[in-house]
Amino acid sequence: MAALVPSGAAVIDVGTDHAMVPVWLIQSGRASRVLATDIRSRPLQSAAALVEKTGTEGRIRLMQTDGLAGIGPEDGDTVIIAGMGGETMTAILSAAPWTKNGTLLILEPQSKKAELRRWLTQNGYCVETERLAEDAGRVYPILTARGGDSPAYSQAELHLGRLAQIGRDPLFARYLDTMRAQAAKAAPYDPAAAALLEEYDAIKRRPDYADGTGDI
Ligand SMILES: C[S@@+](CC[C@H](N)C(=O)[O-])C[C@H]1O[C@@H](n2cnc3c(N)ncnc32)[C@H](O)[C@@H]1O
């Protein structure tokens, strides 16, 4: 995720927890400064300890707040929201419409990914890049977005991400299998899940999809 941060960016890390990402961004020289926020005081205490231990106080500012409350474009050009549900992300962004004016969003939703993509496209954001990442044996999507008009998504892509961007990723086959298993579980009593299952199976039948060399 940190690799998607432009060099020299002024970053706002929402829900920073232990401030691992801000410390990496400063120590690696990737970001010029970071405003690291969390809604709870306990994570911010851990964050403060790590910031002090790593001597990054001059570049990392900590703030207790809900989402982007009390924060504006003067505080950063890149907003990271990672490790939360998609519905929390949409609530945070709804309350901060300034993020549509050129701010780069880097989002790593833990759940409700289709709802997040739908909300972004219906609320003046364009998803620019989709990536897959692996952590502790789990594959998850990371997307970047900015204010702007978005091309439409297919139903399968709302759930998976844009196939043109992630279809060749070596993690894609595993990710698709996980998403397929979820749809298969719900399909007997949910027509939308059954339709998704068909779309996923159609993707699996496309030649070479699994080895990362296909045209997906
Ligand atoms: C699972 S941790 C993710 C930490 C880090 N962003 C990461 O991806 O490794 C989620 C953090 O988000 C914080 N959080 C949840 N809702 C929030 C909100 N509305 N505003 C700010 N922080 C929030 C939690 O307190 C917690 O520290």
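The report below walks through the cores, a helix pair, the ligand shell and some individual residues.

This is a predicted model, in which local features need pLDDT of at least 70 and side-chain atom pairs count only at pLDDT 80 or more, while totals for chains, interfaces and linings use all residues. Residues are numbered from 1 along each chain as its sequence is written.

**The nonpolar cores**

A residue is called buried if 20 or more other C-beta atoms lie within 10 Å of its own, exposed if 12 or fewer do, and partly exposed in between, with C-beta atoms placed from the backbone. A nonpolar core is then a set of buried Ala, Val, Leu, Ile, Met, Phe, Trp, Tyr and Cys residues joined through C-beta atoms within 7 Å. The largest such core here has 36 residues, and Val11, Val34, Ile80, Ile81 and Leu107 have the most contacts inside it. Apart from it lies another core, of twelve residues, including Ile166, Leu176, Met179 and Ala183.

What does Leu107 touch, not counting residues up to four places away in sequence? The list is Ile81, Met89, Leu116, Leu143 and Ala145. Here, two residues are in contact if their C-beta atoms, placed from the backbone, lie within 7 Å.

**A pair of helices**

Helices (H or I, at least four residues) and strands (E, at least two) are DSSP runs, numbered from the N terminus. Two packed helices are described by the angle between their axes and the distance between the axes. For helix α7 (residues 172–186) and helix α8 (residues 191–205), the axes come within 8 Å and cross at roughly 150°. These axes are lines fitted to C-alpha atoms, for helices over the stretch in contact, and the angles run from 0 to 180 degrees between N-to-C directions.

The α7 and α8 crossing is left-handed; that word applies if the near helix is turned anticlockwise from the far one by less than a right angle, and right-handed applies if clockwise. On the α7 side, Leu176, Met179, Arg180, Ala183, Ala184 and Ala186 take part, and they meet Ala193, Leu196, Leu197, Tyr200, Ile203 and Lys204 of α8. Sorted by class, the contact of α7 with α8 has ten nonpolar, no polar and two charged residues. In this sorting, Ala, Val, Leu, Ile, Met, Phe, Trp, Tyr, Cys and Pro count as nonpolar, Asp, Glu, Lys and Arg as charged, and the others, Gly among them, as polar.

**Around the ligand**

Which residues come nearest to the ligand? Of the 16 residues around it, they are Gly15, Asp17, Ile39, Ala82 and Gly83. A residue is near a molecule or strand if its C-beta atom, placed from the backbone, lies within 6 Å of it. Strand β4 gives the largest share of this shell, three residues. By class, the shell divides into six nonpolar, six polar and four charged residues.

**Two residues with positive phi**

Most residues other than glycine have a negative phi, and most peptide bonds are trans. Ala19 has a positive phi, near 65°, and sits in the loop between β1 (9–14) and α1 (20–27). Is Ala19 buried or exposed? Ala19 is buried, because 26 other C-beta atoms lie within 10 Å.

Lys112 also is not a glycine, and its phi is positive at about 50°. Its place is the loop between β5 (104–111) and α4 (113–122). Lys112 counts as partly exposed because it has 17 C-beta neighbours inside 10 Å.

The table lists pairs by their separation along the chain and between C-alpha atoms.

| Pair | Apart in sequence | C-alpha to C-alpha |
|---|---|---|
| Ala2 and Ile80 | 78 residues | 9.0 Å |
| Thr54 and Gln27 | 27 residues | 8.5 Å |
| Arg33 and Arg61 | 28 residues | 8.1 Å |
| Asp169 and Arg131 | 38 residues | 8.1 Å |

Ala2 lies in the segment before β1. Leaving aside neighbours within four places in sequence, Ala2 is in contact with Val21, Trp24, Leu25 and Arg30. Thr54 belongs to the loop between α2 (41–53) and β3 (60–64), and Thr54 counts as partly exposed because it has 15 C-beta neighbours inside 10 Å.

Arg33 is placed in strand β2. Asp169 is found in the loop between α6 (163–166) and α7, and Asp169 is partly exposed, with 18 other C-beta atoms within 10 Å.
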